[in-house]
Amino acid sequence: YLVWEAVILGIVPFTDKAEWLQAQFNGHMITDLLSMESHSPYVVHAARSFGFFAIATSFLPVAFSFLDFLRDGVKLKDTMKVRASIGFLVLVPALLIGLTKPHLFLTALHYAGGFSVVLLFGLLPALMAIKRKVGRKRYAIFLAAASMIVLFATLLHEMEII
């Protein structure tokens with residue numbers, strides 16, 4: 001991933017942060033900037049393919065697990081008709097929102113990246129370890145406190161206080 005970032009960001013010839021902000025303000029996607037600078041359709045196709053597969057490989061497992069989660073939560077039988085109905089209820093609203101308001105996906109990713117990662121991989125495991133009294137309790141308490149600090153700092157940054 002880091003190599004990919006270095007290659008992609010190294011191709012686009014911006015020299016300072018103001019140029020990046022201007023491109024973002026104008027609504028330019030990185031693939032548009034790549035097509036202007038690389039003059040090669042292969043680079044653009046590779047970037048778009050990477051983006052597609054990154055989204056697909058994150059969306060599909062979440063969608064399938066959400067289908068089972070809803071079926072189990074509502075305590076429905078595991079039949080093809082029930083799966084199709086729940087699939088319709090889960091996937092069609094997401095599809096409609098994605099087609100009518102595509103910018104919402106990027107906004108959701110923006111917030112999910114900061115808050116959800118800290119909650120899922122920092123705070124929740126620490127709290128589960130504290131509750132089950134597994135392992136080193138001091139380490140779990142430290143991890144929970146550190147996660148709360150990062151979560152608070154992320155919140156302040158999003159509110160543009162810091």
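**Figure 1. The largest cavity lies between residues of α4 and α5.** In this predicted model, α4 and α5 each supply at least two residues of the lining of the largest cavity. The lining consists of Leu67, Asp68, Arg71, Arg83 and Ile86. α4 gives the largest share, three residues. By class, two lining residues are nonpolar, none is polar and three are charged. The volume of the largest cavity is about 30 Å³. How many cavities of 30 Å³ or more does a search of the whole structure find? The search finds one.

**Figure 2. Helix α4, residues 41–74.** At 1.5 Å a residue, the 34 residues of α4 should span 50 Å. Which residues of α4 are buried? They are Val44, Ala47, Ala56, Ala63, Leu67 and Arg71. Leu67 and Arg71 also line the largest cavity. Just after α4, Lys75 takes a positive phi of about 60 degrees.

**Figure 3. Helix α5, residues 80–100.** The 21 residues of α5 should span 30 Å at 1.5 Å a residue. Its end C-alpha atoms lie 29 Å apart, which agrees. Val82, Ile86, Gly87 and Val90 are the buried residues of α5. An α-helix has 3.6 residues a turn, so residues three or four places apart point the same way. Against which helix do the buried residues of α5 pack? They pack against α4. Ile86, one of these buried residues, is also part of the lining of the largest cavity. Confidence in the protein is highest in α5, at a mean pLDDT of 86.

**Figure 4. The second largest pocket is lined by 20 residues.** Its volume is about 750 Å³. Ile55, Phe59, Ala94, Phe105 and Ala108 lie nearest the centre. Three helices, α4 (41–74), α5 (80–100) and α6 (103–132), each supply at least two lining residues. Which of the helices gives the largest share of this lining? α5 does, with eight residues. What classes of residue make up the lining? There are 18 nonpolar and two polar residues, and no charged ones. The lining of the largest cavity, by contrast, has three charged residues.

Figure 5. Leaving aside residues up to four places away in sequence, Phe115 touches Leu151, Thr154, Leu155 and Glu158. How far apart are Phe115 and Leu155 in sequence and in space? They are 40 residues apart in sequence. From C-alpha to C-alpha, they are 8.0 Å apart in space.

**Figure 6. The whole protein, with seven helices and zero strands.** Read along the sequence, the pattern is α-α-α-α-α-α-α. Of the 162 residues, 17% count as buried. Take the contacts between residues at least 6 apart in sequence: 35% of them join residues at least 24 apart. The average pLDDT of the protein is 77, and 81% of the residues score at least 70. Where is confidence lowest? Helix α3 (residues 30–38) has the lowest confidence, at a mean of 68.

Technical notes: Residues are numbered from 1 along each chain as its sequence is written. This is a predicted model: local features need pLDDT of at least 70, side-chain atom pairs count only at pLDDT 80 or more; totals for chains, interfaces and linings use all residues. Side-chain values use heavy atoms; hydrogens and water are left out. On a 1 Å grid over the protein atoms alone, a cavity is a set of points where a 1.4 Å probe fits but cannot get out, and a pocket is an open set with protein on both sides within 12 Å along at least five of seven lines; lining residues have an atom within 4 Å of a point. Grid points are joined across faces, edges and corners, and a volume is the space filled by probe spheres set on the points. Helices (H or I, at least four residues) and strands (E, at least two) are DSSP runs, numbered from the N terminus. Ala, Val, Leu, Ile, Met, Phe, Trp, Tyr, Cys and Pro count as nonpolar, Asp, Glu, Lys and Arg as charged, and the others, Gly among them, as polar. The expected span of a helix is 1.5 Å times one less than its number of residues. Buried means under 20% relative accessible area, exposed over 50%, partly exposed in between (1.4 Å probe, protein chains only). Contact means heavy atoms within 4.5 Å. pLDDT is the predictor's confidence in each residue, from 0 to 100.
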